[in-house]
Amino acid sequence: RTTVRARVFEDNQGAFYLAVNHRITNRTRYFLNKWHWFWEHANEFEIYKIDSRNQRADYFTKPLPRELFDNNRLLVQGW
């Protein structure tokens with residue numbers, strides 16, 4: 001086992017709820033394989049709820065309005 005704890009910053013309310021509460025519903029039963037693995041390793045993660053405006057990963061995964069693009073570029077690259 002590792003002694004390093006990874007930090008996860010989540011802006012999606014549904015994903016954050018699943019990660020923190022370990023609850024399966026009729027809508028989430030299709031995620032069972034991935035979530036069981038995640039929950040087994042949950043002690044290796046620190047999960048933080050953040051505002052979408054501060055989600056640095058958005059810079060890489062979707063088109064953003066110019067203002068958010070510039071903000072994320074500053075957070076990630078420093079310019």
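**Close-up views of a predicted model**

**View 1. Q13 sits in helix α1, which covers residues 13-21.** This view, like the others here, comes from a predicted model. Q13 has a relative accessible area of 64%, so the residue counts as exposed. Look for I50 as well: the two C-alpha atoms, of Q13 and I50, are 9.6 Å apart in space, while 37 residues separate the pair in sequence.

**View 2. F9 and Y48 form the one aromatic pair found in a search of the whole structure.** Their ring centres lie 5.5 Å apart and the ring planes meet at 20°; because planes under 30 degrees apart count as stacked, the pair of F9 and Y48 is a stacked one. Which strands does the pair tie together? F9 belongs to strand β1 (residues 6-10) and Y48 to strand β2 (residues 45-49), so the contact links parts that are 39 residues apart in sequence.

**View 3. F60, L75 and V76 make a nonpolar surface patch of about 270 Å².** Where in the structure is F60 found? This phenylalanine is part of helix α3, residues 58-61. Is F60 buried or exposed? With a relative accessible area of 62%, F60 is exposed, because exposed means over 50%.

How values were computed. Residues numbered from 1 in each chain as written. Predicted model: local features only at pLDDT ≥ 70, side-chain atom pairs only at ≥ 80, totals over all residues. Heavy atoms only, no water. Patch = residues over 30% accessible without salt bridge, like charges linked within 9 Å, V, L, I, M, F, W, Y side chains within 5 Å. Areas by Shrake-Rupley, 256 points an atom, 1.4 Å probe, with all protein chains shown as cover. Salt bridge = Lys/Arg side-chain N within 4 Å of Asp/Glu carboxyl O. Helix = DSSP H or I, 4+ residues; strand = E, 2+ residues; numbered from the N terminus. Buried < 20%, exposed > 50% of the residue type's maximum accessible area, 1.4 Å probe, protein only. Phe/Tyr/Trp six-rings, centres within 6.5 Å; stacked < 30°, edge-to-face > 60°.
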